[in-house]
Amino acid sequence: MNTTTKKPAVKLTDVEVLTNNEIAPSVFLLSFRRNFDFVAGQVLGITLDPEEDARLYSIASGTAEPAIKILYNIKPDGKLTPPLSSLVPGSKIWVTVPFGNFKADNEPAYWISAGTGIAPFFSMYRSGYGQQNILIHGGRTPQSFFFSDELSQAFGNRYVRCCSGSKSEGLYHGRVTTYLQSLDNLPTDHKYYLCGSAEMVVECREILLSKGIPYNNIVAEIYF
Ligand SMILES: Cc1cc2nc3c(=O)[nH]c(=O)nc-3n(C[C@H](O)[C@H](O)[C@H](O)COP(=O)(O)OP(=O)(O)OC[C@H]3O[C@@H](n4cnc5c(N)ncnc54)[C@H](O)[C@@H]3O)c2cc1C
């Protein structure tokens, strides 16, 4: 009997890049035409070479928009993101179908993110969710608050930007974790969505648990 260690094949489709713009230092918003349905909050895989493993990215656009948008930052020593950032309109990339269980519903929730972890929440908002929700976003500099013009307009004082690297008017000075730590009487019947690095998600979850939020009300998406 033959055994194989080969991975099951992942179905990839090639698509053409529509736009790939640097919207903040080393942070890009890439788009391509949408030819599938997805649920707000889901991810898809992207690769430049169908023989290589795809990297995962949250979809940052709404479910009814004609283009899929992906918000990514360059990892200087990364395999995909440096060449991805040099693509121009018309370049070809390979994508998987969308998948994942990080999905919005209409229950009241806190949406808590750091860095490019804002992407799934922007998709949820653009898909009609979150009209009562609190949106908390952490970033190092005032330029790190991607989509903030639109989010400020939509969320008003339910949108909190935590800027760890500098003091700036209208921004909370400190990390998301410090901000969360400062909140009293968080509602225990709300859901708490977390999206960002493993470190950020783990720290935020610890804080929420210590404030009496039931474990099952915390939903996490980790960008590893
Ligand atoms: C569910 C999910 C959703 C995600 N969504 C997004 C998103 O919306 N936006 C976004 O920007 N990112 C997202 N990510 C992260 C993304 O998938 C990539 O990991 C990221 O873009 C880096 O890809 P890369 O190929 O450029 O870097 P990689 O080649 O994967 O390297 C990443 C880092 O790891 C280091 N590294 C690589 N291999 C090793 C090794 N063997 N040992 C030690 N260190 C190593 C590299 O030096 C580099 O610093 C998501 C991840 C997950 C899991």
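Visitor: Which residue stands opposite Ile218 in E12?
Guide: That's Tyr192. By the way, this is a predicted model: local features need pLDDT of at least 70, side-chain atom pairs count only at pLDDT 80 or more, and totals for chains, interfaces and linings use all residues. Residues are numbered from 1 along each chain as its sequence is written.

Visitor: And how many bridges join E11 to E12?
Guide: There are 5, and strand E11 (residues 191–196) runs parallel to E12. Strands here (E, at least two residues) are DSSP runs, like helices (H or I, at least four), numbered from the N terminus. Two strands pair if DSSP finds at least two bridges between them.

Visitor: New topic: how is the protein divided into domains?
Guide: Into domain 1 (13–95) and domain 2 (109–222), with bounds from an automatic or database domain assignment. Their contact takes 16 residues from domain 1 and 13 residues from domain 2; being in contact requires C-beta atoms, placed from the backbone, within 7 Å. On the side of domain 1 that touches domain 2, strand E1 (13–24) and E5 each give two or more residues, and E5 has the largest share, 3 residues.

Visitor: OK, so where does the ligand lie, and why?
Guide: It lies between domain 1 and domain 2, because both give residues to the shell around it.

Visitor: Which residues come nearest to the ligand?
Guide: Of the 19 residues around it, those are Tyr72, Gly78, Lys79, Leu80 and Thr81. To count as near, a residue needs its C-beta atom, placed from the backbone, within 6 Å. The largest share of the shell, 4 residues, comes from E4.

Visitor: Where is Thr63 found, then?
Guide: In the loop between strand E4 (55–58) and strand E5 (67–73). Leaving aside neighbours within four places in sequence, Thr63 is in contact with Phe38, Ala40 and Ser127. Thr63 and Ala40 are 23 residues apart along the chain, with their C-alpha atoms separated by 6.2 Å.

How values were computed. Two residues are in contact if their C-beta atoms, placed from the backbone, lie within 7 Å.
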